[in-house]
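I opened my notebook for a new model today. Here is what I looked up, entry by entry.

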Amino acid sequence: MEILMGFFLGVLAMMSVMGLAYLSTIIKLEWYTWSSLVTGVIAVLFGIGWLWASFLEGYPQSGSLGLIVFSGAGVFMLVLTWRFLVGPALEHRTKG
Amino acid sequence: MSNEQEPATVPEEQQKAAAGADAPGEAPDLLKDSSRRLLFKRAMVGGGAALLGGAGAYGAARVSLEGRPVKDYPLIDETLFKPKDQRDTILNFVSSKALNEKHPERNEQYNRLQNKEFDWVNGFRDMYSKPWDNNKPGYTQMDRALQKAGWEPLNIAGSRLSANLQPDTPFNSWDQSGVEKEQYQFKSKQEASDAIKTAARLFGAVKCGIARRDRRWDYDPLYDIENEKELSWEKDFPFEPKTVIVILLPMDYDCISTAPAWTADGTAADGYTQMGVKATQIATFLHVMGYHAVGAGNDLGSSVPYAIMAGLGEGGRNGHLLAPGMGPRVRIAKVYTDLDFVEYDQPHTWGITEFCLSCGKCADACPSEAIPKLEDENGGYGFQPSYEFSDEPGYTWNNHLGIRKFYSDAKKCYNFWVENGGACSACIASCTFNEPDAWHHWFIMAINPFSPGFLHGLMAEAHPAFGYGHTNDPTKPLKFWKTGEGMRTNIQMKNNIGTSNKS
């Protein structure tokens with residue numbers, strides 16, 4: 001199951017890399033925007049890994065809380081970054 | 001600074017190619033599409049960076065888990081320190097009728113100050129005769145059976161008292177008649193060290209370190225409880241030890257989680273049995289290699305400082321060795337030998353003792369309040385005890401003074417064992433470093449040395465919030481007795497190192 005978790009997280013990581021790479025081809029963003037996006041993605045993946053490992057060891061409470069704390073913080077960061085930094089830039093590009 | 005400017009421009013023909021707008025009947029040449037090439041290029045760079053970052057983080061974690069060598073262990077106050085008389089230890093004292101008759105003031109003082117009517121010697125004898133209650137999880141006939149079964153091999157071998165510091169028992173015999181005359185010559189110190197640790201690994205040790213013999217940690221004089229006789233290192237011990245091999249033996253995570261129920265005593269008792277078996281196996285290995293060796297459990301010397309000297313962990317608030325990855329959920333066995341052509345280990349730190357200064361979960365969980373609390377003087381950390389009544393003359397007779405560490409009142413701890421009808425282990429189960437064997441716990445362990453004090457306090461609070469370390473929970477024994485499910489196939493190949501995944 002640990003191997004499956006590693007594979008699944010690898011797939012998710014590569015999908016995230018592809019998404020960020022695609023974003024980089026259509027829009028130019030500042031370094032701090034990239035930092036926020038990458039940190040958010042890492043936090044989301046970390047939370048999923050934590051959830052999986054905690055369920056495997058038989059501690060669902062740890063998994064649930066880990067998902068909220070780590071992935072929740074990551075999603076929050078991604079949403080804010082998208083809303084205030086990426087979104088306006090995309091909108092400006094579309095109008096332009 | 002703005003993100004809103006400079007949209008990337010894509011040439012029209014490339015946009016057509018990307019949309020598959022090639023001439024009818026022709027396959028689009030994706031590699032000629034510069035926007036796709038750019039995407040793949042950046043994905044590769046991003047993927048490579050992610051791979052390098054992951055590998056780098058893994059490597060850094062591995063280095064961190066090796067620990068950092070320390071030069072200032074132990075810190076000793078020479079005005080207080082003197083070698084520890086084996087008779088002045090709790091487990092030795094309660095096993096000896098003669099010592100109890102010699103020191104009635106110890107019992108009288110404890111009962112007077114603690115307002116108890118505790119019988120030290122008979123208490124130990126009667127500990128496992130407390131009646132079970134099949135309606136009380138953790139205190140049923142089944143839990144009593146587990147306790148007794150755990151001890152039984154030591155009883156059969158006549159070595160049960162080794163847990164109470166009795167030296168020269170059949171498992172940890174001083175008999176050296178099996179030592180071969182031909183002494184194997186190791187090519188290097190590293191080869192000797194590797195060979196010993198390989199044997200220890202094979203026989204079931206989860207960690208093994210090698211320390212120089214240090215008279216400060218040896219009980220002196222030694223004491224034969226069965227014959228009520230003082231023993232001397234010079235006159236009675238069969239050789240002059242130069243080296244102490246220290247092995248750690250794991251206790252079961254799910255079983256310890258049931259503390260302070262009798263169930264937890266099952267893995268503690270089994271741990272003592274394993275100590276006897278493994279130490280005698282390594283001693284015999286050395287005998288056949290032509291070296292003198294004597295195995296030891298709790299006897300001969302203080303196990304925790306020897307384990308620290310062997311680089312296996314750090315001293316914790318609860319008085320146990322805290323080993324990275326398992327915390328205090330280990331039992332320590334030692335092998336004294338005259339082999340000194342060996343690579344010695346040295347003390348290391350992982351920021352564990354530092355963490356204990358901000359944690360205190362074991363003290364909160366201790367049913368007898370024997371462990372120093374955070375609010376005690378210096379957090380309970382110093383060269384002598386600061387617990388209640390420690391300033392009463394003679395009350396700290398069981399402590400080894402003059403070493404900088406956390407001092408517990410083991411008298412209260414032992415008193416609870418007897419009242420409980422079995423050893424407790426609540427300070428082991430509740431320890432923040434007592435973790436199942438999973439990557440996220442190793443991750444926390446790896447970042448611990450770099451975490452500031454306030455984060456230690458936060459991590460200590462997070463541990464129970466995430467569901468770990470709860471004691472006195474009647475659901476735990478019920479869950480433990482289900483951990484045998486799936487043992488026919490046991491696809492996780494987990495047994496007693498981490499959780500069995502059924503907790």
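**Ground rules.** I am working with a predicted model, in which local features need pLDDT of at least 70 and side-chain atom pairs count only at pLDDT 80 or more, while totals for chains, interfaces and linings use all residues. Residues are numbered from 1 along each chain as its sequence is written, and chains are lettered from A and ligands numbered from 1 in the order in which they are written.

**Chain A.** I found three helices and zero strands here, running α-α-α from the N terminus on. Helices (H or I, at least four residues) and strands (E, at least two) are DSSP runs, numbered from the N terminus. I boxed the C-alpha atoms along the principal axes and got roughly 55 × 25 × 20 Å. Of the 96 residues in chain A, 31% are buried. Buried asks for 20 or more other C-beta atoms within 10 Å of the residue's own, exposed for 12 or fewer, with partly exposed in between; the C-beta atoms are placed from the backbone.

**A sheet in chain B.** Next I traced an open sheet of four strands, ordered β2-β5-β9-β6 in chain B, with antiparallel pairing. Two strands pair if DSSP finds at least two bridges between them. At the edges sit β2 (207-212) and β6 (293-296) of chain B, each pairing on one side only. Neighbouring strands of this sheet are turned by 20 degrees against each other on average, direction ignored.

**Strand β6(B).** Four bridges join β6(B) to β9 (residues 330-337) of chain B. I noted Ala293(B) opposite Thr337(B), and Gly295(B) with Val335(B) as its bridge partner. Which residues cover the two faces of β6(B)? Ala293(B) and Gly295(B) lie on one side, Val294(B) and Ala296(B) on the other, and all are buried.

**Helices.** Helix α7 (residues 141-156) of chain B packs with α10(B) at an angle of about 10 degrees, the axes being 7 Å apart. Axes are lines fitted to C-alpha atoms, for helices over the stretch in contact, and angles run from 0 to 180 degrees between N-to-C directions. The two helices, α7(B) and α10(B), are therefore roughly parallel to each other, a term for angles under 35 degrees. Residues making this contact include Leu146(B) and Trp151(B) of α7(B) and Ala269(B) and Tyr272(B) of α10(B). Contact asks for C-beta atoms, placed from the backbone, within 7 Å.

**Cores.** The largest nonpolar core has 99 residues, and Ile245(B), Val246(B), Ile247(B), Ile282(B), Ala307(B) and Leu321(B) touch the most other members. Such a core is a set of buried Ala, Val, Leu, Ile, Met, Phe, Trp, Tyr and Cys residues joined through C-beta atoms within 7 Å. Its largest share, eleven residues, comes from α10(B). Apart from this core lies another, of 13 residues, among them Val41(A) and Trp50(A). Leaving aside neighbours within four places in sequence, I listed contacts of Val246(B), including Cys208(B), Ala307(B) and Ile332(B).

**Where the chains meet.** How many residues of chain B are in contact with chain A? I got 26 residues of chain B, against 31 residues of chain A. On the chain B side, α2 (34-66) and α16 (439-447) each supply at least two residues. The largest share of that side, eight residues, comes from α2(B).

Key: Contact = placed C-beta atoms within 7 Å. Parallel < 35°, antiparallel > 145°, perpendicular 65-115°, else oblique.
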